[in-house]
Amino acid sequence: MGKRRAGRELLRSLSKKQKKHLREFGEEHPFYDNGTNSCYCCFHSCFPFQSEDSDKSSAESDSETEVEQVSGYHKLLATLKTSPESESEEEEDESESEEAEESEAEMDSEGSQETGEAEGGEEDKNDDPEEEGMTATDPAEQMLSQEQADGTDTSCGPRHGVIEEFTDVKHESEFSLETNFMEEESGDCNADKRDSNPFKQHMDKEFEDKEIEKMSTLPKTSSQSQWPRLGQLIFSSTLEKHKTLKADKEVDVKQLHLHKPLESTWPKVNKQFLSSVDKATDSPFTPLQRELFCIMNSYQDLFYPEGNALRNGEEIRHAYCLHALNHVLKANAQVLSNNARRRDRKPGTDPDDHRDQGLTRPKVLMIVPFRECALRIVHIFISLLEVNDKKKIDVSNKKRFKGEFGSDPEEKPPNLKRPEDYEAIFAGNIDDHFRIGVAILQKSMRLYAPFYSSDIIIASPLGIRTVIGAEGEKKRDFDFLSSIEILIIDQADIYLMQNWEHVLHLMKHINLLPLDSHGVDFSRVRMLNLNNWSKYYRQTLLFSALQHPQINSVFNKHCFNYVGQVAIRNVLLTGSISHIVVQLPHVFRRLEAESVTSVIDARFRFFTDKVLPEYRDAVMSHTLLYVPSYFDYVRLRNYFKKEELSFTHICEYTKKAAVCRARRFFLKGEKQFLLFTERFHFYKRYTIKGIRNLIFYELPTYSHFYSEICNMLKATDSGVDATWTCTVLYSKYDAQKLAAVVGIDRTAQMLQSKKNVHLFVTGEN
C-alpha cells in the first residue's frame, strides 16, 4: 500500500506532458532530473541498462564474473542482468536518500554552482531502467492506466502511437496536388520553365542501367579545393567527369533561380545575420551561407562538421530552410502547371510529358533533435512565404502547433549557471520524440498533414524510428520515405548522445520501393522512381558540430547522389587543451591495438593491467574516471565491484538521490574513485568537486568537454595544486579526437611516437 500511495503522490506532481511521456516510455526526458524516471530501453538508449544502485546482492557478482570470462566485448550484453534487492537494502537506500538531501544542502551552502539542482526525491529500490520501464506493476503506470480508462486526457502532443489520431484530415482536398491548379495571379504558371536550372536539370537527368550499375560499383574519385569561408573542401563522385564548384564571391538573388516569392522575402528574413559589410555590398547571404547555399543549390551532398548551436546554428538553419522550401515550391509548381496542361490536353497526347512526381508525396525529410528546432523551422517557412505584412499566408493548426512545440515556462528546469553552448542546445522545448507533416500549396501551409499528403516531414530520430518500426512488428510504415529527394540531418552530434541506432535505422529504410501504391497515378511518376533509382537522386545535407567516425560512415556509405559529395575537412591547429585554466600535468598514454574492433578490449586490458594499479594506493584518492561509452562504464563498474575497490558511480540513468550521494561520498573522500559517464555530463553539466586525479578512459566525443572536466579541479579548494594529475588513454584510431584536444601538430608527433607524452598546462596556453 505504501508503494501505491507513493506512486499516486508522484503522479499528482507531474504535468500532463510528463504523465504522457511516463505512460509511453516509462521515463521522463533525461534532461529533467526527476526521481521517478526509469528508462524506455528500446528507443532512448543505445545500450542495455543495468541497476545503478551501488549495493547489489551477490547474485549480480556471479553474473559479473561471467563477464570477465568472455573475451568478446559485445558479449557483455548477455551478462547485464538485474538482481532483486533485499528488504534491508531497500531500507538503507531510503535512509541514504534522506542523507543525500542533507548532503546536497551542504554542497549548496559551500557555494556549489548547482544550487537547487537536486532537492530531495526518494530513490527507487531498483535503478534498473529496463525492468522499471517495462513492468506493469509500477504504481505510476497503474495510475496512468486508470486515468486513461476513466477517460482522463493524459496527452498533449503527438507522441508514440498517438500521432496518427491528431493528423489534419479536414483540409485534404484543399491541399491536394492532384486536384489543384496554378493560380494565374501568382504569376508562377511558367515557374517550371523559368526555374529550370538547377532543380529541373537535377531531377530530369536520365541514366541507363549500365551507368547506374557503374555508380553502385565503381570507387569514387576525389579532388580538393580551398574556399574563402568553408576552408578545405573534398569533392568526390563516381562520375568520370564530375564538376568541381567554385565559390561565388558575390551572389545575385535572381541568379540563384529561387522560386518567385523567395526572391523578395529571403533578404528580409535573413537580414538579422548580415554584417555591416554584407549590407554595404547588398548581399542577401552571409559569407558562410553564400558558400553553403552554392553547394546546396548544385544538389550535391554536403557534410559540414563545424555547425555550432551557439555560434552559427541559426545561420545554417535559415540556409537549408531556404533550399528545402525552394525545392518544394518548384516541385509543386511543376505539378500544378502540368495539372492545367493535362486538363487542356488534346486526345492522343503522350502522357509521359507530365512525369513530375514520386511514388509518394513527401519530398523533404528534416531530422532535428528537439521540438524547439522544429518550431524554429516552421517559423522560418512562414516568414519566407509571407511576402509582406498585408499578405499573410493561411497556416492551419498553427495555434495547436505552438502549444505542443513551444516551451512551457512551468516545465523549464531551474535557472542554473551553465555553459553558453549548453543553454543554446537545450533552449525551449527539448522533447526528443516528435514528428509532423507539413504541406505547402501556393499561399497556404498545412501543419499536422498526414505523411502521405505532406511535402515536408520534420521529425526526431526517435519520432521517425517509432513509425518505421522493426521487422516482425504488425504496425510499421516506411513507404512515405520512398521518394525523399532531400534529406537534412541537423545537429548530428547530438544523436550520438541520444541513440545513433535510430539514424542508421532510418538510412536503411529510406528510398525503398513502397509496399503499397497509396493511390498514386503511375502515369505521373518519374521513371527514376519506378526504376528504384531514387537514392541516386537524393541530396543529403549533414550538419554536425564535430567530425566523428560514425557520422563520417553515414556520409560515406549511405549517400549515393550521382552529382557527388562535398565534405568540409579543415585541420584543427589548436585544441581544447589551450582552454584549461588550471596548472595541470597531462600524461597521454598510448595503447596498441591491431584493429578498430579490438581496441575496446585492448583499452580495458591496458587500463586494468597498467593504469589502475598506479591508482590503487590511498594516496591517489579523489580520482574521477571519465568514460564516454556506457558499455565501457558497465564493464568497469563490474570490474571495480569484483575487485572490491572503493568507488561510486554516476551515469545518465542514475537517480537524483544517488547522484547526490555519490557526489558527497567523492567530495568527502569516503570513496576513492568516481566513475562518470559522458552522457551524464552532456545532459547535466554538474561541477564535480573534490577531484585531484583525472583519468580519461577514452578521449571525449566533444573536445571542449576535456577542458571543462579539467577545469573542475579549480572547484577544489585544497591548496595542493602540485598533486593534481591527468592521465589520458588513446590509440592510433583516436586521431580525430586527439587532434581536437591537443591540435594537429602535437597529434602527428604523438602518433609517430609510441612513447607516453607528458604535457604541462600552465593556465596561460
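Helices (H or I, at least four residues) and strands (E, at least two) are DSSP runs, numbered from the N terminus.

## Model and overall make-up

The model is predicted, and local features are given where pLDDT is at least 70 and side-chain atom pairs where it is 80 or more, whereas totals for chains, interfaces and linings use all residues. Residues are numbered from 1 along each chain as its sequence is written, and side-chain values use heavy atoms, with hydrogens and water left out.

The protein has 30 helices and 18 strands. Of its 765 residues, 58% are buried, where buried means under 20% relative accessible area, exposed means over 50%, and partly exposed lies in between (1.4 Å probe, protein chains only).

Ile-580 belongs to the loop between β11 and β12 (584–590), and its relative accessible area of 1% makes it buried. Its C-alpha atom is 7.6 Å from that of Glu-708, although the two residues are 128 residues apart along the chain.

Lys-737 is placed in helix α29 (residues 735–742) and is likewise classed as buried, with a relative accessible area of 15%. When neighbours within four places in sequence are set aside, the contacts of Lys-737 are His-548, Glu-698, Leu-699, Pro-700 and Thr-701.

## Packing of α24 and α25

Two packed helices are described by the angle between their axes and the distance between the axes. For helix α24 (residues 599–611) and helix α25 (residues 630–642), the axes come within 12 Å and cross at roughly 35°; these axes are lines fitted to C-alpha atoms over the stretch in contact, and angles run from 0 to 180 degrees between N-to-C directions. The crossing of α24 and α25 is right-handed, a term for a near helix turned clockwise from the far one by less than a right angle, anticlockwise being left-handed.

On the α24 side, Ile-600, Asp-601, Phe-604, Phe-607 and Thr-608 take part, and they meet Asp-632, Arg-635, Leu-636, Tyr-639 and Phe-640 of α25. Sorted by class, this contact comprises six nonpolar, one polar and three charged residues, with Ala, Val, Leu, Ile, Met, Phe, Trp, Tyr, Cys and Pro counted as nonpolar, Asp, Glu, Lys and Arg as charged, and the others, Gly among them, as polar. Arg-635 also lies over the face of Phe-604, at 4.2 Å from the ring centre; a charge sits over a ring if NZ of Lys or CZ of Arg is within 6 Å of the ring centre and within 35 degrees of the ring normal. Arg-371 likewise has its charged end over a ring, that of Phe-405, at 4.6 Å from the centre.

## Aromatic pairs

The structure contains 33 aromatic pairs, which are rings of Phe, Tyr and Trp (its six-membered ring) with centres within 6.5 Å, termed stacked when the planes are under 30 degrees apart, edge-to-face when over 60, and tilted otherwise. Phe-207 and Tyr-562 form an edge-to-face pair, because their ring centres are 4.9 Å apart and their planes stand at 70°. This pair links distant parts of the chain, 355 residues apart, with Phe-207 in the loop between α9 (196–203) and α10 (209–217) and Tyr-562 in the loop between α23 (549–557) and β11 (565–568). Phe-207 is buried at 12% relative accessibility, and Tyr-562 is buried at 7%.

The rings of Phe-370 and Phe-426 have centres 5.7 Å apart and planes at 45°, so this pair is tilted. Phe-370, in the loop between β4 (364–367) and α15 (371–385), is 56 residues from Phe-426, in the loop between α17 (420–425) and β6 (435–441), and both residues are buried. One aromatic cluster is formed by Phe-588, Tyr-626, Phe-676, Phe-680, Tyr-686, Phe-696, Tyr-706 and Tyr-730.

## Positive phi and a strand residue

Asn-511 has a positive phi, near 60°, in a residue other than glycine, and is located in the loop between α20 (500–509) and α21 (527–530). His-518, in the loop between α20 and α21, has a positive phi of about 55°. Asn-511 is buried at 4% relative accessibility, whereas His-518 is partly exposed at 33%.

Asp-394 is in strand β5 (residues 394–396) and is partly exposed at 43% relative accessibility. Its C-alpha atom is separated by 4.7 Å from that of Ser-444, 50 residues apart along the chain. Not counting residues up to four places away in sequence, Asp-394 touches Glu-174, Lys-443, Ser-444 and Met-445.

How values were computed:
Contact = heavy atoms within 4.5 Å.
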